[in-house]
Amino acid sequence: MPLLIGVAALFALIFAIDLRGFGAAIRGFRLAAIPAVLALSVLYYMLQGVRWHFLLRAVGVREPMGHSVLLNYAGQSTGLLPLGELSRAVLVAESTGVEFGAIVATVTVQELIYTLILIAAAVPGSFAYHGSAGAVLAALLATVLVFVILTVPAVFRRVRAGVVRTPLLRRLVADVDRLQHDTVVLLRRPDTYWWSTLSAFGALVSITLFWLVVDSIAPGVLSWKTAAFVYAVSHVVGAISLIPGGLGAYEASTVGLLVASGVDGGISAAAALLHRAADKGVNTLIGMAAYLIARRRLKLGGLRTVHFGTVGLPAAGEG
């Protein structure tokens, strides 16, 4: 159902704008920019896989870095499906035998740190939007609060007590405890933050990819600083929408923020959809090829064999 809502939102977005302007913006995309767009798109997920490799080593996964990068790419094959962000954790658990909960913790930590860096990058550009700076700072504080809940025992005990008293959440207590324990172990390691320089580099790459797509449609219409704000906010909106891959929510937020910054509606919609194609579209196809390679090389089973119902809490949404 969330996936259908996302697809419906995309169609509504397309029909709500000036189709003539949208078509003209698509046709105006500079084809010479395609190699750079593809290179940045592939580079981001490569950096994500390398950064993830060091988190996996911290929980006992002793696979070569090439395997970590390959399985990270393979996980992108289901990025637009429900719980698809956990596919890479599933594949690593199956290929190594390491406890699934510990691997989920690595994804959680990676996404938390990446989101924190992305929101911080949005702060300078937020001052151009009236009232937006406070919202960005609030998102930054909310992300920091998650770190506090996970790492400060007294705060976690209070949150856990609330979960125990809530009927619909009570059954997740064991999963919450396991996730908190494994996450704390990672967050208290100095090398977790040292290797997060790769996450910072990845954030720069993802923002630059978004800016390049917009600039290739309408040169000079958007600064890199404003692009960082638009992309970061839309990334967070897509993540909290609970729609797989943020489909529809990300695009709607992107178009709204671009229009608010003075970009034409047709150009804004074209930029949102072309960026989605350059990011998730391209890497979903690469992920399918990577999954077939990994399945043959690492003797993996099908993703359908995984019992997602035992996962408990999914990690935050990916960029």
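Me: Which residues line the second largest pocket, and what makes a residue part of a lining?

Reply: Ile26, Phe29, Leu31, Ile34, Val37, Leu38, Val213, Leu274, Ala277, Ala278 and Val282 form the lining of the second largest pocket. A lining residue has an atom within 4 Å of a point of the pocket, which is an open set of points on a 1 Å grid over the protein atoms alone, with protein on both sides within 12 Å along at least five of seven lines. The structure is a predicted model, in which local features need pLDDT of at least 70, side-chain atom pairs count only at pLDDT 80 or more, and totals for chains, interfaces and linings use all residues. Residues are numbered from 1 along each chain as its sequence is written, and side-chain values use heavy atoms, with hydrogens and water left out.

Me: How much space lies in the second largest pocket, and which elements give two or more residues to its lining?

Reply: The space in this pocket is about 150 Å³. Helix H3 (34-58) and helix H14 (265-298) are the elements giving two or more residues to its lining. The largest share, four residues, belongs to H14. Helices here are DSSP runs (H or I, at least four residues), numbered from the N terminus.

Me: What is the class make-up of the lining of the second largest pocket?

Reply: Its residues divide into 11 nonpolar, no polar and no charged. Nonpolar covers Ala, Val, Leu, Ile, Met, Phe, Trp, Tyr, Cys and Pro; charged covers Asp, Glu, Lys and Arg; the others, Gly among them, are polar.

Me: How many cavities of 30 Å³ or more does the whole structure hold, and what makes a space a cavity?

Reply: The search finds three. In a cavity, a 1.4 Å probe fits but cannot get out. The largest has a volume of about 70 Å³, and its lining consists of Tyr44, Leu47, Gln48, Arg51, Gln110, Glu111, Tyr114, Leu198, Ser199 and Gly202. H3, helix H6 (100-126) and helix H11 (197-217) each give two or more residues to that lining, with the largest share, four residues, coming from H3. By class, the lining has four nonpolar, four polar and two charged residues.

Me: Why is H3 called oblique to H5?

Reply: The axes of H3 and helix H5 (residues 87-96) come within 13 Å and cross at roughly 50 degrees. H3 is therefore oblique to H5, as angles under 35 degrees count as roughly parallel, 65 to 115 as roughly perpendicular, over 145 as roughly antiparallel, and the rest as oblique.

Me: Which residues of H3 and H5 meet?

Reply: Gln48, Trp52 and Leu56 in H3 meet Arg88, Ala89 and Val92 in H5, where contact means heavy atoms within 4.5 Å. This contact has four nonpolar, one polar and one charged residues.

Methods. Grid points are joined across faces, edges and corners, and a volume is the space filled by probe spheres set on the points. Axes are lines fitted to C-alpha atoms, for helices over the stretch in contact, and angles run from 0 to 180 degrees between N-to-C directions.
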